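Open the model in a viewer and keep the sequence panel at hand.

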Amino acid sequence: MEGKVELVKSTTSFKINIIPQVEAKIRHLCSVIHDVEWSGTLFYTYTGSIENNNLEINCVDLFVMDIGSSGQTEFAESPDIVTYRVEHNLLDSNIQEGLIHSHNNMATFFSGTDQDTLLKEGMNCNHFVSLIVNNAGKYTAAITRRVTKKSIIDAHVKYTDSKYFNSYGGRKVILEDNTVREEDINKVNTVCYVEYFDLKVNKMTSLISFEDIDLRLAEIRKSKSKVFNNTRSSYSKSLWDDFDFDDYGSYYSKEHEEYKAVNKRNKAGYFNESVYKNEYEKAVEEAAIKILTSCAIVNCSTIDIKSWMKKIDDMYRKHFKDLKGKQLRLWFELFIEYVCSDEILHNKICKESKESTVLDPFEYTALAIYDYLDKITERSIVLDIIMDILINYLPYDGVSEYK
């Protein structure tokens, strides 16, 4: 069909390198989402070039965007991608965005749908990288380039025209006989097509675990199910709008120290042992352990709090390096809002409690978690940060009247 843009496969191939951190994320995602396809944004840099035949793609990170069906996954552009770039130092102009998606239990190949994506995205940008993975650890990747072919026609053309028609009895009637005309033709024909090259995958294995991915998957599932909508935990607004980094020169605020010094919580009767009943203790412990481990699907029975508290600072230092820096505090603000907005936890923690009939479920959940963490004897920098953030959600005024 005239005007149809074609997808053309090249015989040349290049290399794509997957660093250990990215490979660990891919393996984790394939293990926890093994029965359906998932997809996300692939962040990468490059060295060399196609024209010099030395191009290499270097994957630096990925951000999962969708949990699909057994045969399909797709997502639209979202501000979440920009937020992720900001939070993970991916703002360098050399860092490009591509696509990564899984074929779960199927082989990795560029299906008809995947080729359509190569064609569509390849027409919209100079180069488009697509990486397909599966549960078995087999990867297939490609990069495109949009080629513009320009043909210049410059010629002097001589035409000899004859016209006739056949009439009754097979008689041939001449209308024009060998009329000669000449003209100069000067025009440009431009055609575009998308060419793609196979990328040979070079992956580096690692035993790194990424519990933050579990949180992201929970967010995606929650947004798809639309079970609970709490304006407090709406992520359409960027956290950076209200985050004043100058206020957090140290890892906890003056307000936290004052709060602990006067023991305001106990004086106001915010919480006491009688509020908890056995069925609630488990829910509060679960919420607290989720926050301490930054894992939304943690198995609480496998976590020994005393052992965990001895190594908690070292564990987070591996990922965030500076425990008194901006990123760790911002991470916990996000995670605590996520946990305290959980409707299932609200039902378990707030049920049959006198305070919960007056306080906002979010506040009461934060209050219960704070009370649990406050009893931990092993202290740490990370725990102080968590407590300092929770303090912002505790009800200060008029609580004593609910006793």
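Select Asp 61 first. In this predicted model, Asp 61 counts as buried because its relative accessible area is 8%, under the 20% cut-off. The residue sits in strand S3, which covers residues 56-67.

Now show the side chains of Asp 61 and Tyr 84: a polar contact of 2.9 Å joins them. Then display what else surrounds Asp 61. Leaving aside neighbours within four places in sequence, its contacts include Thr 41, Leu 42, Phe 43, His 88 and Leu 90. Val 22 and Lys 25 are also among the residues in contact with Asp 61.

Next, select residues 20-32, which form helix H1. This helix has 13 residues and spans 18 Å from its first C-alpha to its last, close to the 18 Å expected at 1.5 Å a residue. Which residues of H1 are buried? They are Val 22, Glu 23, Ala 24, Lys 25, Ile 26, Leu 29 and Cys 30.

The last stop is the second largest pocket, with about 750 Å³ of space. To find it, select Thr 73, Phe 75, Leu 99, Thr 117 and Glu 121, the closest to its centre of the 27 residues that line it. H3 gives the most, with six residues. By class, the lining of the second largest pocket holds twelve polar, eight charged and seven nonpolar residues.

How values were computed. Residues numbered from 1 in each chain as written. Predicted model: local features only at pLDDT ≥ 70, side-chain atom pairs only at ≥ 80, totals over all residues. Heavy atoms only, no water. Helix = DSSP H or I, 4+ residues; strand = E, 2+ residues; numbered from the N terminus. Buried < 20%, exposed > 50% of the residue type's maximum accessible area, 1.4 Å probe, protein only. Polar contact = N/O pair within 3.5 Å; in protein donor to acceptor, adjacent residues only side chain to side chain. Contact = heavy atoms within 4.5 Å. 1 Å grid on protein atoms, 1.4 Å probe; cavity = no way out; pocket = protein on both sides within 12 Å on 5 of 7 lines; lining within 4 Å. Points joined across faces, edges and corners; volume = space filled by probe spheres on them. Nonpolar A, V, L, I, M, F, W, Y, C, P; charged D, E, K, R; others polar. Expected span 1.5 Å × (residues − 1).
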